[in-house]
Every structure is written in C-alpha cells, then in structure tokens.
Amino acid sequence: MFNEFAHGHRVRFERAYLIVVGSVDTHLPNGRTKRIGPGEIFGEMGLIDSRPRSATIVSAEYTVCAAYSEAELLDEIRNKPDEAIAFIRALIARLRDANEGR
C-alpha cells in the first residue's frame, strides 16, 4: 500500500512508512528537527515496541511512502534478509545520531 502526502501534511501514525519520493521533517521532543528522504523509514519503532510515537512527522514536500502494518513490517524483516539488514542499518544510524546529539 502507498500513501501520498501533500506539502505540510502532518502524518498520522498507524503504520511504518518507507519514503519512496519526497521528504519529511521529524520534529523530536527535544526540539530538534531532522529531514529524512527516499529510502528512509519512520513510524517503525512504535509498531515494534507498542509505545507512543516519539516524533511528529510533517511532509516537507509532496511525498510518497510505502506503508506497512506491524504484521507486514515483521514479515519483511523475517523473510527478506536484505530488507532486514537495511532496516537494522537505519536503526543504528538513528541511534548514533541520538548518541551524538544530532
């Protein structure tokens, strides 16, 4: 399933999203904002650990995302090793950014 978001749209989290085209701004609780683009994922942490979302996401431009339910995301991780490795790399990069205050 794909979702399209117009510029300035606040994304409601019910799924994890993989950005295909465009970019979004992640507004973090500490006041920082980070722009992410094609190939990057957001919304996955809340699906995996069932905790409240940790960021507000607003599309920075027209954006198209592949949308994954919890079951679909876990299925991708379990059955597609390349996808699982890309997902792990994305989480590691996000953790490093948090550790380095970016």
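Among contacts in the chain between residues at least 6 apart in sequence, what percentage join residues at least 24 apart? And where does Val-21 lie?

Author: This is a predicted model. To take the contacts: when pairs at least 6 apart in sequence are considered, 70% of them join residues at least 24 apart. Read from the N terminus, the order is β-β-β-β-β-β-α-β-β-α-α.

The overall dimensions come next. The C-alpha trace spans about 35 × 30 × 25 Å along its principal axes. A compact globule of 102 residues would have a radius of gyration near 13 Å, and the chain agrees because its own value is 13 Å. Of the 102 residues, 32% count as buried. The accessible surface comes to about 6500 Å², and carbon and sulfur atoms account for 53% of that.

Now the residue itself. Val-21 lies in strand E3, which covers residues 16–21. Leaving aside residues up to four places away in sequence, Val-21 touches Tyr-62, Thr-63 and Val-64. Ala-86 is 65 residues from Val-21 along the chain, and the C-alpha atoms of these two are separated by 18 Å.

The chain has 14 positive and 15 negative charges, and the mean positions of the two sets are 6 Å apart.

Key
Residues are numbered from 1 along each chain as its sequence is written. This is a predicted model: local features need pLDDT of at least 70, side-chain atom pairs count only at pLDDT 80 or more; totals for chains, interfaces and linings use all residues. Side-chain values use heavy atoms; hydrogens and water are left out. Helices (H or I, at least four residues) and strands (E, at least two) are DSSP runs, numbered from the N terminus. The radius of gyration is taken over C-alpha atoms; the globule rule is 2.2 Å times the number of residues to the power 0.38. Buried means under 20% relative accessible area, exposed over 50%, partly exposed in between (1.4 Å probe, protein chains only). Contact means heavy atoms within 4.5 Å. Accessible areas come from the Shrake-Rupley method with a 1.4 Å probe; for residues, only the protein chains shown count as cover. Lys and Arg count as positive and Asp and Glu as negative; His and the chain ends are not counted. The place of a charge is taken as NZ of Lys, CZ of Arg, CG of Asp or CD of Glu.
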